[in-house]
Structures are given as C-alpha cells and as structure tokens.
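Hi everyone, thanks for coming. Please have a look at the sequence and the model on the screen, and then I'll walk you through a few places in it.

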Amino acid sequence: MQGWLPVDENTARAGGPEAPFQQAESPLVDALGRVHNSLRISVTDRCNIRCFYCMPNENVRFKPRHEILSFEEIERFVRVVARMGVSKLRLTGGEPLVRANLPELVRRLSAVGGIQDLALTTNGILLAEQAGELQRAGLRRLNISLDGLREETFRRIARRDGLERVLQGIFAAQRAGFEKIRLNAVAIRGITEDEVVPLGEFARRQGLELRFIEFMPLDAEGNWQQEQVLTGEEIRARLEDAFGPLVAIERPDPSQPAVDYQFADGMGRIGFINPVSQPFCGDCNRLRLTAEGQVRNCLFSTVEWDARAVLRGDGTDQQLADLVRQCVAAKKPGHGIDSPVFVKPQRAMYQIGG
Ligand code: SAM
Ligand code: SF4
C-alpha cells in the first residue's frame, strides 16, 4: 500500500472515530492527465417541479425504488473512490430533498475518510423544512436554483408553482448557518433576460453568490436550440450596464467550471458557467453516479459503467475501483456540443444528476 498524500493532509476533515485517512490507491487520472477528485451523486430521479430544460411535463417514468441505490451502497461507493483521491462530493438529482431521510446520508458521507467537501444542489422547494437538519447533519455548502424572481417566469420554466417556497427556503438556509450558499440561474433567451439584473440585485442584497449557467442540450423533451442559449457574455454585458464594470477574480481552482467576477463596488460575486459558448472540458475533474448506480465520466456521455451490478453482485471493492478506473480512462476530451456529429445523451438532466 502506498500513501499518496503527505500524512498531515490525510486526516479526514469530517472527523469521526476512524483512524487517520490514508489515500491508499493511485489517483484517478485520465488519458489527458485530468485528475478526478470530484463526484456528483444523484440520490433520486424524482422531482417536485418540472423544469422544461430538464424533465418532461407529464407522465414521467421514474425508476422504481428497488433500482435506486441505498444509502449503504452509496456510502460504500464513496469509500472506494475516496481511497482513489475523490475528496469532493455534491448531492443532486432529480430533487435531492424529496429522498426520504437525506440527512442520514449526509451524516454517513461526511464521516467518510478523505471527504473534505460535501455540498448539495436543490431547487429549494423543501428547504425551509429541511435546512436546519441538513446543516446539523454535516452539510456545509448549498447551491439553490433560482432562475428568476417573477412568479410568471418561475411557472413558465418549472411548469408548477413554488417561487415563494424557494425564497422561504433560501432565507431559512441563511438562518441555518451554512458556510456557503450560492444561487444558480439557468439563462434562457426569450425567457430570463429581464431577470438578470433583478437576480443580481437580490443576490447582492442577500449577500449570496450568484452563478449563471448556459442552457445545455439535456432537456427531456429534446427541444433545445442553440438560439435559446443566452450566453454568459451577454449576461455579463447586461450586468455591467446596470452595476458598472465587473472585475475578474483569479481562479483558485482551475477545475472549477465558473469564471468569477466581483462587482466594482466590492459588494458581491457573480460567476458564469458557459459550457456551450466556452467549454471547460480541458480542466474537468468530475465523475457522476446516477441514482441507480451507473458511473458516468461526463454529463454528455453516451456510455455508463454499472457500479450497481458490482455492488449487488457480491463484487469486491477492488472490482468497484477497477470499474471506476475504466470509466475515467474512457473519458473523451470534450462534450462536443458544437460538433456536427454531436449525439445528445439518451438520458435527460434529471436522470443523470446535474
Ligand atoms: N433539482 C435540483 C435543482 O434543480 O437544483 C438539483 C438537480 S438539477 C438537475 C441541477 C442543476 O442543473 C440546477 O441548477 C438546474 O437548474 C440545472 N439544469 C437542469 N437542466 C439544465 C440544462 N438543460 N442546462 C443547464 N442547466 C440545467
Ligand atoms: Fe427538478 Fe432540478 Fe430538473 Fe428542475 S432542474 S426539474 S428542479 S431536477
């Protein structure tokens, strides 16, 4: 066994009764030298709203409960990849807060040796009820999706009501004392242009970071059009018209997908995730585990590696580790959205985990 990290960096941040953590395996490096230390875990494909850029409006066929990984299975997977250097986790979905007893999973994962960062992405609808318990369970960072501040925009995108509940969820999360709360806004031409400046004002007033995300071709109904992509650059221009020049902030972590800026008056940060207009695949460090246990090396991957079969078929940890290595080794250089031969994955966003 070889320890890959200097000993003083090996102590598990989340603590717990275990011995100091030792990264026992070599890191997950792909053919282009990209080191994979970040895992997005989808805990469910279910959701309480129906955003048009993600889910079908009606008659959604969710996975039956027995196909979805149990907390024990997710924890085992995480223990295996943590030994290969995965230190950052994000829980997502579907809507993660519709999964029963989610704080229990947070407790388990935050106690896994080597996990230094545990975050969650939510639509915020159920957050007012759950924020306190999630924080106490060990969740430190939250991304809350908020594409606009008008009820009409919310209904047009989510095809359900709920803006007021999301706002109450944001305020409850702020009271619960998370280390960091960020707002995520998907930008769609023809729908959210007039939300950009009010969202900027809201984020500044609330002391929250805001990130705009370009609309990607992962909608279940297959209606994505390049023309609907409201680019990060266009949004930045709108914000600069309203607030003055934005000042670029140096990236502390080159694998972070966002380009961040500060408002000129120093009050607030704003980021842009521009996967369509400015792909950042060259620095990607992310792996994904779907709710039913398929490992993916890209949002746009058309191939998956079946971890559930290993988990449920008496497979060893070594077999699980080998499967993850195969998945990483097969990662393509980029998503290729711009390529004439781009093939949209069969799965939509809610079935992958954004
Ligand atoms: N339900 C949670 C939520 O909405 O925050 C978590 C899952 S959702 C799939 C994760 C993130 O992906 C959200 O911020 C959502 O807005 C974003 N998203 C979903 N579909 C997208 C698409 N087609 N393009 C860009 N972002 C998308
Ligand atoms: Fe649900 Fe999130 Fe998809 Fe919207 S983006 S439908 S909230 S999973």
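**A walk through the model**

Let's start inside. The largest nonpolar core has 102 residues, and Leu39, Ile41, Leu91 and Phe212 are those with the most contacts inside it. By nonpolar core I mean a set of buried Ala, Val, Leu, Ile, Met, Phe, Trp, Tyr and Cys residues joined through side-chain atoms within 4.5 Å. Buried means under 20% relative accessible area, exposed means over 50%, and partly exposed is in between, using a 1.4 Å probe and protein chains only. Helix α1, residues 71–82, gives the most to this core, with seven residues. In soluble globular proteins, nonpolar side chains tend to be buried together.

A word on what you are looking at: this is a predicted model, where local features need pLDDT of at least 70, side-chain atom pairs count only at pLDDT 80 or more, and totals for chains, interfaces and linings use all residues. Residues are numbered from 1 along each chain as its sequence is written, chains are lettered from A and ligands numbered from 1 in the order in which they are written, and side-chain values use heavy atoms, leaving out hydrogens and water.

Helices (H or I, at least four residues) and strands (E, at least two) are DSSP runs, numbered from the N terminus.

Which residues does Ile41 touch, leaving aside its neighbours within four places in sequence? They are Ile74, Val78, Leu89, Arg90, Leu91, Thr92, Leu109 and Leu289. Contact here means heavy atoms within 4.5 Å.

Now to the salt bridges. A search of the whole structure finds 30 of them, each being a side-chain nitrogen of Lys or Arg within 4 Å of a carboxyl oxygen of Asp or Glu. In one, Arg141 pairs with Asp117, with the closest N and O atoms 2.7 Å apart. Arg141 lies in strand β4 (residues 141–145) and Asp117 in strand β3 (residues 117–122), so this pair ties together parts that are 24 residues apart in sequence. Is Asp117 buried or exposed? It counts as buried, at 18% relative accessibility.

Another salt bridge joins Glu179 and Arg140, at 4.0 Å from N to O. Glu179 is in the loop between α5 (163–176) and β5 (180–187), and Arg140 is in the loop between α3 (127–137) and β4, so parts 39 residues apart in sequence are tied together. Glu179 is exposed, with a relative accessible area of 63%, whereas Arg140 is partly exposed at 32%.

There is also a network of salt bridges linking Glu72, Glu75, Arg79, Glu104, Arg107 and Arg108.

Next, find Gln294, in strand β11 (residues 294–296). Gln294 is buried, at 11% relative accessibility, and its side chain makes a polar contact with the side chain of Asp306 at 3.0 Å. A polar contact is a pair of N or O atoms within 3.5 Å; within protein, one must be able to donate a hydrogen and the other to accept it, and residues adjacent in sequence count only if both atoms are side-chain atoms. Among the residues in contact with Gln294 is Arg347, which sits in the loop between α9 (317–329) and α10 (349–352). Arg347 is buried too, with a relative accessible area of 13%, and its side chain reaches the backbone oxygen of Gln351 at 2.7 Å.
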